[in-house]
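My entries follow in the order in which I looked things up.

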Amino acid sequence: MLNDRNVKVLIIEDDLGIAEIHRRNLMKIEGFDAIGIAASKSEAETLLDVLSPDLVLLDLYLPDGNGLDILRYIRQYAHACDVILITADREVETLQQAMRGGVVDYLLKPVVFSRLQEALHKYLKQKNKFGSIDDLDQSVVDSMIFNASNGTTQGGRLPKGIDRMTLDKVRVLFDHHTQITADKSGELIGASRTTARRYLEHLISSGELQADLHYGTVGRPERTYKKTRG
């Protein structure tokens, strides 16, 4: 049953398996309702017009178009909704176009639940703050802008589940390793693979690291992490 006070979320994703994962993850996060799933650009435009979502989880690649086209459609027709782009595209130009289109966050696939949860909590907190203020001064504006340069949240605080000491330990690993896996990272810092991956994915979200897939001789490809160029 939908709650009128919850954020209404439209999922635009051509892979229905991934879309279902997003839907189930939304069910675990208080304050959000998935109100529909669109698997194509044309279906997305119809559901945007009919359902009027508050927030869109937007995939980039669709069978009949591009997520950036949908972003432009949203702005052109003045839909009062926000957009989180979720994509496997790691091109800087794509990120720049998405930022020009006003996305509130940009998540790289495969998305771990903790990173999606962080993005949605940040979005909800900011949305609630907009509803609680009458006018702006510079300090209010500054408190509402996400500091992407070092991955901290409002007021310089790190996201929930990330502590500065462990984060610094993970950063130091890249002074000695060109690239590294979550398993190896966990071993070196004395933590579990899951914990190490959470910190590595956080550093990706802040722009410090980038991920790649390493194809060995047998088995599935392994996700590796390395410093972002530049």
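Before anything else I noted that pLDDT is the predictor's confidence in each residue, from 0 to 100, and that a contact means heavy atoms within 4.5 Å. I am reading a predicted model, in which local features need pLDDT of at least 70, side-chain atom pairs count only at pLDDT 80 or more, and totals for chains, interfaces and linings use all residues. Residues are numbered from 1 along each chain as its sequence is written, and side-chain values use heavy atoms, with hydrogens and water left out.

**Confidence**

I looked up the chain average and found a pLDDT of 84, with 86% of the residues scoring at least 70. Helices (H or I, at least four residues) and strands (E, at least two) are DSSP runs, numbered from the N terminus. Strand β1 (residues 7-12) has the highest confidence, at a mean of 97, and helix α6 (residues 138-144) the lowest, at 62. Over residues 146-151 the pLDDT stays under 50, and there the model has 14 contacts beyond four places in sequence.

I count two strands as paired if DSSP finds at least two bridges between them. Reading across this open sheet, I get the order β2-β1-β3-β6-β7, with parallel pairing. The edges are β2 (32-38) and β7, each with a single partner strand, so one side of each has no neighbour in the sheet. Neighbouring strands here are turned by 20° against each other on average, direction ignored.

For angles, axes are lines fitted to C-alpha atoms, for helices over the stretch in contact, and the values run from 0 to 180 degrees between N-to-C directions. Helix α2 (residues 41-51) packs on the sheet and touches β1, β2 and β3; its direction makes about 140° with that of β2.

**Strand β6**

Why do I call strand β6 largely enclosed by the rest of the structure? Five of its six residues (82-87) are buried, where buried means under 20% relative accessible area, exposed over 50% and partly exposed in between (1.4 Å probe, protein chains only). On one pairing, five bridges join β6 to strand β3 (residues 55-59) in parallel, and I86 is the bridge partner of D59. On another, four bridges join β6 to strand β7 (residues 105-108), also parallel. There I86 is partnered with L107, and T87 stands opposite L108.

I also traced β6, helix α4 (residues 92-100) and β7 as a right-handed β-α-β unit. Right-handed means that, with the strands pointing away from the viewer, the path from the first strand over the helix to the second runs clockwise.

**The three-stranded sheet**

A further open sheet has the order β8-β10-β9, with antiparallel pairing. Its edge strands, β8 (179-181) and β9 (209-214), each pair on one side only. I followed β9 against strand β10 (residues 222-227) over six antiparallel bridges, with A211 partnered by Y225. Helix α8 (residues 182-189) lies across β8 and β10, at about 85° to β8.

**Residue T166**

Is T166 buried or exposed? T166, in helix α7 (residues 164-173), is buried, with a relative accessible area of 17%. Leaving out residues up to four places away in sequence, T166 touches I189 and Y199.
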